[in-house]
Amino acid sequence: MPNPSTRPGSQSKKGSGPNAAKNGGSKSTGPRGTGAKKGAKKTAATTRFAERQARKEEEARLARQERNKRYAFVTIGLVIAVVAVLLIVKFAGGGSSTSSTADQPSPPGGTPIPAATLAKLSSVPLSTLRSAPTTGILTTPQSASGKALTTDGKPQLLYIGAEYCPHCAAERWAMYVALTKFGTFDPEPGRIHSATQDGNIPTLTYYRTKYSSPYLAFNPVEVYTNYLNSSGNNYVALETPTEAELNLWQSGNGGSFPYVNFAGKAILPSAQYSFADLQGLTFDQVAAQVGNNATTAGADIDASANQLIKTICTTMTHDQPADVCS
Amino acid sequence: MPDEFPRWPALVGTVCSALGLGVAGYLTFEHYTSSSSLACADNGTINCLKVTTSSYSEVLGVPVALLGLLFFAVMLVLQLPPVWRRPEPTVRYGRLAWAVVGLCTILYLLYRELFSIDAICLWCTGVHVLTFIVFCTTTYATLTYPPPEGAVA
């Protein structure tokens, strides 16, 4: 029986099936039918090829999609891992941050100050400090007759201030210059400023610093930060003085900032010079003027540091070290 | 046939970017008004003011909050459904790159909050979470789904 597919014009439909080539009807076809059969075979092969290609492409597309999906998940997972590591290091390995900010080992407050700047502040020659004009000095340390203030057998220099306080901002410069004649800070103070609404005076903070000296102990208490609480009616508390410190402070200057107690033998009831002399200057500008008595800020800081050194030598260290106190 | 490009990335991205824009706008406003009315808890670890008034709240004199505002403004445009339907690689990978920029920034700021400022700002954390969600959806959708074919709305 002749195969219907041998009829001219029918090859494109019926001859394209997968069994068309095996069909016995093809033997009875003429030259034209043979050409049609070949065409049908070619078309079938092309179609099969196209289908295979399409399948391959689809498989490749799905594989690519799966691979990219894995990449996406891995990327997101890595980000989560990085965040998790940061949190773990912070809260488990690197010291916790709790509501009580006292007695916590941590980096110093404020912005780190370049080592070169700190080196400059700590190496102002004593001769420069001693020759500083005292025209800007408003207050000097006063002798006191309280109980000796010590820490681990060393005379203690108690400083009570607040980061928002512009007077403290002024005094801290002189304190750093003076204290680094007797010891070292590690961690060093960070750079801050008094409250923006309270002079915005550039300064350093003793919050979370550690001072080491063979001659004296330094006990800084920064009671408030330089920013307001959420209700805007007070500065956010930072460190709390002990009962004994509070009593000394209250009896010393009525509880105003700054307050410095030299081992119970002298007190500084307020900043030695006016913070107005630093107003409008940047931190770097003030730092640059320290040791330069030709500038108002430099002279004020140098003269104040000199007063502090003299007081520390006479009331706390028995004129030691000799090269500083002589 | 490739899957039809889904709508959810655009939806999630647009909503998160709009929310981020709002929070960043609020933080920018607070930055320029001395943060005096910033509504945030203050219990030591959680302390928005400490963060938003820190020296890290500005980069080269530009408030970080303002940079966040800029980030979300651009991202909001990139996340709009008509833009998601655009097949151009520039748009697809530009959006992905912008999301990566946002992610790197929030990782840096998180590091600063934890290790330099020592305080966490809840508003900033909100921004960080939104940025992270936008990054996740953008990364997943860009890498997983082929570019939409054809017309641009």
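**Ground rules.** This is a predicted model, where local features need pLDDT of at least 70, side-chain atom pairs count only at pLDDT 80 or more, and totals for chains, interfaces and linings use all residues. Residues are numbered from 1 along each chain as its sequence is written, and chains are lettered from A and ligands numbered from 1 in the order in which they are written.

**Core.** I went for the largest nonpolar core and found 106 residues in it. Such a core is a set of buried Ala, Val, Leu, Ile, Met, Phe, Trp, Tyr and Cys residues joined through C-beta atoms within 7 Å. I use "buried" for 20 or more other C-beta atoms within 10 Å of a residue's own, "exposed" for 12 or fewer and "partly exposed" in between, with C-beta atoms placed from the backbone. Leu157(A), Val177(A), Ala178(A) and Ile312(A) have the most contacts inside the core. Helix α5 of chain A, residues 166-179, gives the most to this core, with 10 residues. My helices (H or I, at least four residues) and strands (E, at least two) are DSSP runs, numbered from the N terminus.

What does Ile312(A) touch, leaving aside neighbours within four places in sequence? I got Leu157(A), Ala178(A), Phe182(A), Leu216(A), Phe262(A) and Thr317(A). Contact here is C-beta atoms, placed from the backbone, within 7 Å.

**Three-stranded sheet, chain A.** I traced an open sheet of 3 strands in the order β1-β6-β7, with antiparallel pairing. For two strands to pair, DSSP has to find at least two bridges between them. β1 (111-112) and β7 (202-205) of chain A are the edges, each pairing on one side only. β6(A), residues 190-193, is joined to β7(A) by 4 bridges. I noted two bridge partners: Ile192(A) with Thr203(A), and Arg191(A) with Leu204(A).

Are the faces of β7(A) covered or open? Both are covered: Pro202(A) and Leu204(A) on one side and Thr203(A) and Thr205(A) on the other are all buried. α5(A) lies across β6 and β7 of chain A, at about 60° to β7(A). That angle runs from 0 to 180 degrees between N-to-C directions, with axes as lines fitted to C-alpha atoms, for helices over the stretch in contact.

**Around β12(A).** This strand covers residues 259-262, with Tyr259(A) and Asn261(A) pointing one way, Val260(A) and Phe262(A) the other, and all of them buried. β4(A), residues 154-161, runs antiparallel to β12(A) with 4 bridges, and there Ile160(A) partners Tyr259(A). β13(A), residues 266-268, is also antiparallel to β12(A), over 3 bridges. Asn261(A) stands opposite Ile267(A). The β12(A)-β13(A) hairpin has 3 residues between its strands, and Ala263(A) takes a positive phi near 55°.

Next I checked Pro269(A), in the loop between β13 and α7 of chain A. Pro269(A) counts as partly exposed because it has 16 C-beta neighbours inside 10 Å. Among its contacts beyond four places in sequence are Thr139(A), Gln142(A) and Tyr259(A). The C-alpha atoms of Pro269(A) and Thr139(A) are 8.1 Å apart, across 130 residues of chain.

**Helix α8(A).** Its residues are 296-315, and the end-to-end C-alpha distance is 28 Å, close to the 28 Å expected. The expected span is 1.5 Å times one less than the number of residues. α8(A) is largely enclosed by the rest of the structure, since 17 of its 20 residues are buried.

**Chain B.** I counted 6 helices and 2 strands, in the order α-α-β-β-α-α-α-α. Of its 153 residues, 42% are buried. α5(B), residues 89-117, should span 42 Å, and its end C-alpha atoms are 39 Å apart, which agrees. Its buried residues include Arg92(B), Leu103(B) and Glu113(B). Asp118(B) follows α5(B) with a positive phi near 65°.

Most residues other than glycine have a negative phi, and most peptide bonds are trans. Asn200(A) has a positive phi near 50° and sits in the loop between β6 and β7 of chain A. Asp319(A) has a positive phi of about 60°, and it counts as exposed because it has 12 C-beta neighbours inside 10 Å.

Terms used. Contact = placed C-beta atoms within 7 Å.
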